[in-house]
Each structure stands twice: as C-alpha cells, then as structure tokens.
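Trainee: I would like to learn how to read a protein structure one feature at a time. Could we begin with the picture itself?

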Amino acid sequence: MNTLLKAAALTLLAGSVAAQTETPTLTIYTYDSFVPEWGPGPKIEAAFEETCACDLVFVGAGDGAALLSRIRLEGARSEADIVLGLDTSLTEAAKATGLFAPHGGWDVELDVPGEWTDEVFLPYDWSHLAFIYDKTKLAEPPRSFEELAASDLSIVIQDPRSSTPGLALVFWVKAAYGERAGEIWEGLAPRVLTVTKGWTEAYNMFLAGEADMVLSYTTSPAYHIIAEEDDTKVAAEFREGHYTQVEVAGILQASDQPELAQDFLDFMLTDAFQSIIPTSNWAYPAVKTATPLPEAFNTLIKPDPALLLSAEDAETMRKQAITEWQGALSR
C-alpha cells in the first residue's frame, strides 16, 4: 500500500473509532420551569450522567401543553428523544399523534392517584391544583369557586391551550360542576385579572403583588416554607375538592437513542430521581422513596375529594371545557 492510500486508510479508521466512542446525547423536551438552576433539571442531569456515559440535554419548550404542540409541529424530525412534562389531560391526544413509542414497563410500586396502566407514558410526580394566597393580606379566602366568583378578589390563571395547569383548571371546574361549568366560568370571568401562557409568568405576578390569588398547586407553599422560611403563602381549600395533576414522560418513536431513552425512564422511577422532586419541582414523587418527605409537606392541605378525569374522559371533554372557558372570558 502506498503512502497516500495508507494515510487515507488511517484517516477512515480514526473516524470510525471516533464515531464508536462518541458520547451519545439524550435530548429531553420539558417545560421551562424544569430547566433552571432552581428546578430539578440540573440535579437530575448530573445524577443520570453518572450512570449512563452520555450527555443529557434538557430543552425548555414552553409550558406543559406547549410541549405537545411543538412535537406535533416537528413530527418525526424532532430532535427530542423524550418528552417530559405532559399530564394525563393530554396523554390521549399525544398517543393519537402516533409519535410516541411504548415504554418497557416498570418494576417498582407506583404511588400515584388511581391505578396506572398506561403502556406509553410513565408518571414522575403529581400534585393537586389550588389557588394560592398570602394569609397576611387575605384573612378569609374563598372556600369554593362560587365564593370566589362572588368575591371582589383578583386571580391570575394560565391558558388551557398552552399550559397543563391551565388545562387542569378547566377540567377541575368541569369535574366539580358538570353541566354548570359554563355558568361557573361566567361568574369567575370578572375575577380573572389576566391569563398567562404558562405557570411561571402567573406565579411571578402573584409574588409581585399584582393579584390576590394565583392558580398553582397545593404543594407550592412547601417551597416558601423550605426555601424561604415563609409560611404566609397558603392554598385555599375548596369544598368541591381539588383536581389532581399527574405528570408523565414518554419516548418518541423517532428517537435515535431508544435504549438510552428507556434507561432514563427506568432511572426516573428510582430514588436517585424521585428524591429530587419534592424540593425542586415541589410535587409529590410518583414512587415511595427511601428519602422521607420534608416536614413542610405534612402542613399542606389534603384535598377531599381529590378529582381526576380519566385520560379518555379528559380527551373527550377537552374541547367543550376550553370552549366554555373561552366563551365566558371573551364576553
């Protein structure tokens, strides 16, 4: 072999070895509040990379419901391997796209409301929706949607077309009031100061004192107690009960790292992942962990009843529930 051919062969061999040893990348689309330093993303990234010999990349793609819109738009061309941040309100719509692959099952006991049987999505945390208020500014909070409608309070909520808590809110009203949902929204409309695209914008407005109450979670006060030593932020307990949000992750059919993606879903249900959730995503873990919940979680309200539509019923009711909300707020 002459020198030129030998050099070419060595170059090809080096390229082949480099390709084989290149660190694989796992890309996960998630909601914006999962990604920052104060969110769970960085800790989970570090913990998984210790086990996978890979590069884990979280990409913030708006709020939860916006994730599905982006995946629909990108289709099989998406760079995402996993979507983390949908909930049971959207899983049927996500399956209908044909873009998600079945997972490999689970071998741990899940600790989420209801019996989990989904073959495509796995849960990673859950909480109940609630309206959060400052008890130093509001001595007697409303105890129902009807009392809220009859008050002179201002609230900030999220758009159900882009936000999973916003979508869960319209299902909360629907599950609690059924055919009266439209009437309830007509009463609530004057109380709505604004509708934001996502949770972060809404909660920041509340913290800035721009509204009396904000749609968030029963677990949100735990953040203020633990991170800020502030017990003034409280969830109002409603007589109708509170809607449950179970957040999930799923693997995309077009992923070029299907085995690594499954490894992440398996990791998601381990103590290493689940123990991070309570004090970073401020929600209940989907698996009972060896790490006890912080004491602040024992001070939170325990909704009774806890409301939750099945994934199938949520998909059936979604258009009507949003239409009722939209109709009332547009008047």
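Mentor: Let us start with the names of the elements: helices (H or I, at least four residues) and strands (E, at least two) are DSSP runs, numbered from the N terminus. Please keep in mind that this is a predicted model, in which local features need pLDDT of at least 70 and side-chain atom pairs count only at pLDDT 80 or more, while totals for chains, interfaces and linings use all residues. Residues are numbered from 1 along each chain as its sequence is written, and side-chain values use heavy atoms, with hydrogens and water left out.

Trainee: Which elements each supply at least two residues of the lining of the largest pocket?

Mentor: The general idea is that rolling a probe the size of a water molecule over the atoms shows where empty space is left. On a 1 Å grid over the protein atoms alone, a pocket is an open set of points where a 1.4 Å probe fits, with protein on both sides within 12 Å along at least five of seven lines, and lining residues have an atom within 4 Å of a point. Here β5 (122-134), α6, α8 (199-207), α9 (220-228) and β10 (242-252) each supply at least two lining residues, and α8 gives the most, with six.

Trainee: How much space lies in the largest pocket, and which residues are the closest to its centre?

Mentor: The space is about 750 Å³, where grid points are joined across faces, edges and corners and the volume is the space filled by probe spheres set on the points. Of the 34 residues that line this pocket, S33, W38, W199, T200 and N281 are the closest to its centre.

Trainee: Which residues of helix α7 are buried?

Mentor: Buried means under 20% relative accessible area, exposed means over 50%, and partly exposed lies in between (1.4 Å probe, protein chains only). In α7, which spans residues 181-188, the buried ones are A181, G182, I184, W185 and L188. Seen down the axis, these buried residues fall within an arc of 160 degrees, taken from the directions from the helix axis to the C-beta atoms, so they line one face of the helix. Their cover includes α5 (145-150), β6 (155-158), α6 (164-177), β7 (192-196) and α12 (311-329).

Trainee: Where does D159 lie, and what is it in contact with?

Mentor: D159 lies in the loop between β6 and α6, and it counts as buried because its relative accessibility is 13%. Contact means heavy atoms within 4.5 Å, and, leaving aside neighbours within four places in sequence, D159 is in contact with G166, V195, T196 and W325. A polar contact is a pair of N or O atoms within 3.5 Å, where, within protein, one must be able to donate a hydrogen and the other to accept it, and residues adjacent in sequence count only if both atoms are side-chain atoms.

Trainee: Is Y29 buried or exposed?

Mentor: Y29, found in strand β1 (residues 25-30), is buried, with a relative accessible area of 3%. Its side chain makes a polar contact of 2.9 Å with the side chain of E74.

Trainee: Which residues does the disulfide join?

Mentor: A disulfide is a covalent bond between the sulfur atoms of two cysteines. The rule asks for a pair of cysteine sulfur atoms within 2.5 Å, and the count comes to one disulfide, which joins C52 to C54 with an S to S distance of 2.0 Å. The torsion about this S-S bond is about -80 degrees, so the disulfide is left-handed. C52 is buried at 14% relative accessible area, and C54 is buried at 8%.
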